[in-house]
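Here is a short briefing on selected local features. Look over the sequence and the structure first.

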Amino acid sequence: MARLLADLTPLRSSPAFRRLWWGLGISNIGTQLTAVAVGLQVYALTSSTLAVGVLGLCALVPLVVLGLYGGALVDAFDRRKVALAASSALLVVTAAIAAQAWLDVGSVGLLYVLVGLQSAASAVNNPARTAIIPRLVPREQLPAALAVQTLAWNVALTGGPLLGAALVAWHSFEAAYTLDVVLFGASLYALWRLPDLPPERADGEPTGRRVVGLASVLEGLRYLGTRPNLRMTFLLDLSAMILAMPRVLFPAVGVLVLGGGETTTGYLTAAIAIGAVLAGVLSGGLVHLRRQGAVIVAAILGFAASVTGFGVLLLVVGEHRPQSTIVWALVVAVALLALAGAADSISSIFRQTVLQAATPDSMRGRLQGVFIVVVAGGPRLGDLVVGSLASRFGEGAAAVIGGVTCAAVVLLLSATLGRRLLRYDAADPQP
């Protein structure tokens, strides 16, 4: 049983990584806490779901626009200093969000601006923090390090919103935001204790300070375009997120199919996160596998199969307006979505491992920027695609079509452009 549990070797062997893991894990809880509290505050001020939805747009646009540039900054300057600067900016913005609540400003426009600034700082902070990890642990420990890092993130993603909603309900928005400011101190402490981490230069590259501009960003994109294994990891993830991410279906499923309304929607949403957490807890038997490309493909096919099964279940139950929750169907739905969350988590761990291990240090920041853009933008596009299918064919059919199409695209990519990724060997990481 111990061999199945998450491999904690990186936490034991690297004090710097251990501090970073604890610090980021604690601060991520605060970040998720604020994300749900801001949504609740906007709704309290406007009574408009559309106004809450605009928050997502305010967060997405800066993250996508600045994600690539943030990665270029990470490759040009000391990563510890870049992360400290970006984290300090995030702390200032978070304090401003708390201040507007304490001062009872009541301005939705101000909240939109602050969320946009928060997202812009994150576009620099996230690539910097992730690009630091390969410098703190040996390459053979990288899968285990990323597994426990992903586990901490999923725990924050599960517990942070629950804590935020509880604080708002039991006390106030001010209390929720202030707690986030306090928790953010853990991240700054962990980054402050790191050694200096200047980027390693590629052969023949000048060692002086670089000018970071469009040319640097394009250099990273050209590099990605000529590296088939790295490129394939992004294409596979986009296939899953755009074609088969089912979260946009959950509100309608709760009302029209399974019953239970908002409560059922909450169960379905939590199921994906719980599955991801369980995959992290039981990742010990996976992190030592060498055929990591094949694991990525298998995990995404498992994700597609789980979503397809979820859709079949909805079709079997039938679209009607039940007077009460269909308990057996809800249990099966939660189990299938938990499997989907576990598969997605496994795919994420190994996609990040391939990206970190096979990318030279001089390019790591820029490719992490691309990773942030894909992770942020893919599910949003998926909401549009799957939502459109649901409006035309119904929720069950949309999940089935999305899951089957995702599996077909993944198999096609694997048989054509992805053959090298299927042969990828962690002992000899090639981009």
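**Briefing**

Asp 104 sits in the loop between helix H4 (79-102) and helix H5 (108-132). This is a predicted model, where local features need pLDDT of at least 70, side-chain atom pairs count only at pLDDT 80 or more, and totals for chains, interfaces and linings use all residues. Residues are numbered from 1 along each chain as its sequence is written, and side-chain values use heavy atoms, with hydrogens and water left out. Helices are DSSP runs (H or I, at least four residues), numbered from the N terminus.

**Loop residue**
- Asp 104 is not a glycine, yet its phi is positive, about 55 degrees.
- Asp 104 is exposed, with a relative accessible area of 64%.
- Buried means under 20% relative accessible area, exposed over 50%, and partly exposed in between (1.4 Å probe, protein chains only).

**Helix H3**
- Leu 66 belongs to helix H3 (residues 49-76).
- Leu 66 is partly exposed, at 31% relative accessible area.

**Helix H12**
- Gln 292 lies in helix H12 (residues 292-317).
- Gln 292 is buried, with a relative accessible area of 2%.
- Gln 292 touches Pro 143, Phe 350, Thr 353, Val 354, Tyr 424 and Ala 426, not counting residues up to four places away in sequence; contact means heavy atoms within 4.5 Å.

**Helix H10**
- Phe 250, Val 253, Gly 254 and Val 257 are buried in helix H10 (residues 250-257).
- They cover an arc of only 120 degrees around the axis, so they are on the same side of H10; the arc is that of the directions from the helix axis to the C-beta atoms.
- Gly 259 follows H10 and has a positive phi, near 80 degrees.

Methods. Helices (H or I, at least four residues) and strands (E, at least two) are DSSP runs, numbered from the N terminus.
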